[in-house]
Amino acid sequence: MKEVKIGILGLGVVAQGFLEMLTSQKQKIEAQKGIKLIVSKVLVREGEEKTTIANKYGFELVTDVKKITEDDEISIVIELMGRVHPAKEFIKQALENKKHVVTANKDLLAQEGLELITIAKENQVGLYYEASVAGAIPILRTLATSYFADNIQQLTGIVNGTTNFMLTKMFEEAWTYEQALQAAQEAGFAESDPTNDVDGIDAAYKLIILARFAFGVNLTLEQLTIQGIRQIHPLDVSGAQQLGYTIKLLGSLIKKDHHLTACVQPTFVPDTHLLSSVKNELNGIFLKSDGIGESFHYGPGAGALPTGTSVLADVLTIVDRQLDGSATARFNPYQQPVHLEKDPEKTNAYFISLSPQIERKISEVQAELQTTFPKTIAQVQEATNQVALYVVTEQLTEAQLAELLAELTNYGEHHQPLQLMEV
Ligand code: HSE
């Protein structure tokens, strides 16, 4: 039986999930594809103690990447180290040595992906990264194949498990932000430094990759509007609950005429919307397109076995393509010169919670607000121990929102405005 040798860079949670899935699916792969996948070498850091795992799966541990990237017998390299450096340099070496590469590295693909895609193309090898976005959900492959036949208008997703877990606990268990973050870190969903999770950067990286597949557009982090979940106030949570909404960190790509808006922000999602049912560390991606209409993709966005399965699926895609002689085919064939444009007339509806000045009568403030801003609804809300106001606006431009916020300071301290999801 033909043997395909694999080298892995990194032996963390995802690599171990991959090894477990490869072992459990071995028989099926051999019977159906007629090939034997063999992990021959795994790169670990100097001094990293992984001999038990190496003995269990029967591979060699190496600390010099060249032992993998320059091994003529290895044809597929899987990068599971994370972070941009030195993963980028190692992947480059592998591609330049004509190895196909599979990676789960979203930071790298979002920031340096185009360069790596070009190097892969020049060297006529494949570069696959399904696991970089939404873990186990086969969304990139589905966008590259099934949706290539369609015209996508909107992609809205929950693509960061950490923040979704935190928001779920803040809503359902009334946990504080700090409690929720600590639990997410303990459960292993969060990045080693959770800044990128809570500030929306991790979701933005995933959105950049999704934009290439869904719209053929290359975005940079600077072109996205990014807002994390640090500013969410307990009054926002209770207000959302009272109004029949939940708050989710949504990544959205919305195409209208020639405008594409791209943003990551905490958003009020109606309890009736499918995305509100995506709880804890799970991910979900909602699409609107001309042909298919509305569709929804749901599943685990992180974790050893889910992400490991996604990596294995990429390896099997490469194997299939090697077998049918199309190994150089690109993962994402879509590229078009659409530019991201900001539409100053774009409007949104907002929720704004407000801790009113205690010396003023709530009913007075409420009446005044309604007179000044007929487009707003003001209601008294009993939060934990506070009386608070919240304002739900109708559609406002950014300029109109700024005007409203300035006015609101006359009535008390307002918290960050949160957009209501466009449905
Ligand atoms: N920190 C990431 C998340 C891991 O919470 O979604 C998976 O990319």
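A residue is called buried under 20% relative accessible area, exposed over 50% and partly exposed in between, with a 1.4 Å probe and protein chains only. At 49%, lysine 98 therefore counts as partly exposed, whereas glutamine 124 at 56% counts as exposed.

The model is predicted: local features need pLDDT of at least 70, side-chain atom pairs count only at pLDDT 80 or more, and totals for chains, interfaces and linings use all residues. Residues are numbered from 1 along each chain as its sequence is written, and side-chain values use heavy atoms, without hydrogens and water.

**Backbone features**

Lysine 98 has a positive phi, near 65°, although it is not glycine; this residue belongs to the loop between α5 and β5 (100-103). Glutamine 124, also not a glycine, has phi near 55° and occupies the loop between α6 (106-122) and β6 (127-128). Helices (H or I, at least four residues) and strands (E, at least two) are DSSP runs, numbered from the N terminus. A cis peptide bond, with omega near 5°, joins histidine 85 to proline 86, and proline 86 is in the loop between β4 (74-79) and α5 (87-96).

**Ligand contacts**

The table lists polar contacts, that is, pairs of N or O atoms within 3.5 Å; within protein, one must be able to donate a hydrogen and the other to accept it, and residues adjacent in sequence count only if both atoms are side-chain atoms.

| Protein atom | Ligand atom | Distance |
|---|---|---|
| Glycine 161, polar backbone atom | oxygen | 2.8 Å |
| Phenylalanine 189, polar backbone atom | nitrogen | 2.9 Å |
| Aspartate 197, polar side-chain atom | nitrogen | 2.8 Å |
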